[in-house]
Amino acid sequence: MRSALVLALLLLVVGAVGAGGSYFTASSVGTWYAQLHKPAYTPPSWLFAPVWTLLYLFMAVAMWLVWRQEEAEEVAQVTPPQVMWVAQLVLNLGWSVIFFGLREPGLALVEVILLWSAVLATTFVFFQVSRSAGLLMAPYLLWLTFAAVLNFGIWYGN
């Protein structure tokens, strides 16, 4: 029962981050973002919500797998993988605030590089705790790689 509650809590946390990001995105996507020059490889707008939903689901399950492994090993304190997971979520939300809220693609490009680095480190640490958790973080890292390239293209083109 406790395991299911932790998973539910993690899903709520990533859902809150996603909702926060959506709040900032919604304020600009139909106006400012629509007017930007975007690279030819920009995906259609409808693709972002399902991709991010799946990625947030993977992030939550990955953290849950790490938590379960740490619980099995009777780790009773906050661990580096947990701190790293929270840090990358904060950076994740920060990108939406900077890119869509502040409408600063250049600053968002710097931030997405920091986010990418944090997710790479988190993925590496997760692999050490649970191979499955690390694998669940890999699509997120790949998507962020594409997002950074897209962010660069938007910054460069505007």
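Q: Leaving aside neighbours within four places in sequence, which residues is Phe126 in contact with?
A: In this predicted model, Phe126 is in contact with Ala62, Met63, Val66, Pro81, Trp85, Arg131, Ala133, Gly134 and Met137. Contact here means heavy atoms within 4.5 Å.

Q: What makes Phe126 a buried residue of H5?
A: Buried requires under 20% relative accessible area. Phe126 is listed as buried in H5, along with residues including Leu109, Val112, Leu115 and Val119.

Q: What covers the buried residues of H5?
A: The cover includes helix H2 (32-35), helix H3 (45-72), helix H4 (80-101) and helix H6 (131-157).

Q: How do you know what span to expect for H5, residues 105-129?
A: The expected span is 1.5 Å times one less than the number of residues. With 25 residues, H5 is expected to span 36 Å, and its first and last C-alpha lie 35 Å apart, close to that value.

Q: Which residues touch the most other members of the largest nonpolar core?
A: They are Trp52, Met59, Trp85, Phe99, Phe126 and Tyr140, out of 41 residues in that core. H1, H2, H3, H4, H5 and H6 each supply at least two core residues. H3 gives the largest share, twelve residues.

Q: What is the volume of the largest pocket, and which residues are closest to its centre?
A: The volume is about 640 Å³. Of the 29 lining residues, Thr25, Phe48, Trp52, Trp95 and Phe100 are the closest to the centre.

Q: How do the residues of the lining of the largest pocket divide into nonpolar, polar and charged?
A: The lining has 19 nonpolar residues, ten polar and no charged. Gly counts as polar in this division.

Key: Residues numbered from 1 in each chain as written. Predicted model: local features only at pLDDT ≥ 70, side-chain atom pairs only at ≥ 80, totals over all residues. Heavy atoms only, no water. Helix = DSSP H or I, 4+ residues; strand = E, 2+ residues; numbered from the N terminus. Buried < 20%, exposed > 50% of the residue type's maximum accessible area, 1.4 Å probe, protein only. 1 Å grid on protein atoms, 1.4 Å probe; cavity = no way out; pocket = protein on both sides within 12 Å on 5 of 7 lines; lining within 4 Å. Points joined across faces, edges and corners; volume = space filled by probe spheres on them. Core = buried A, V, L, I, M, F, W, Y, C linked by side-chain atoms within 4.5 Å.
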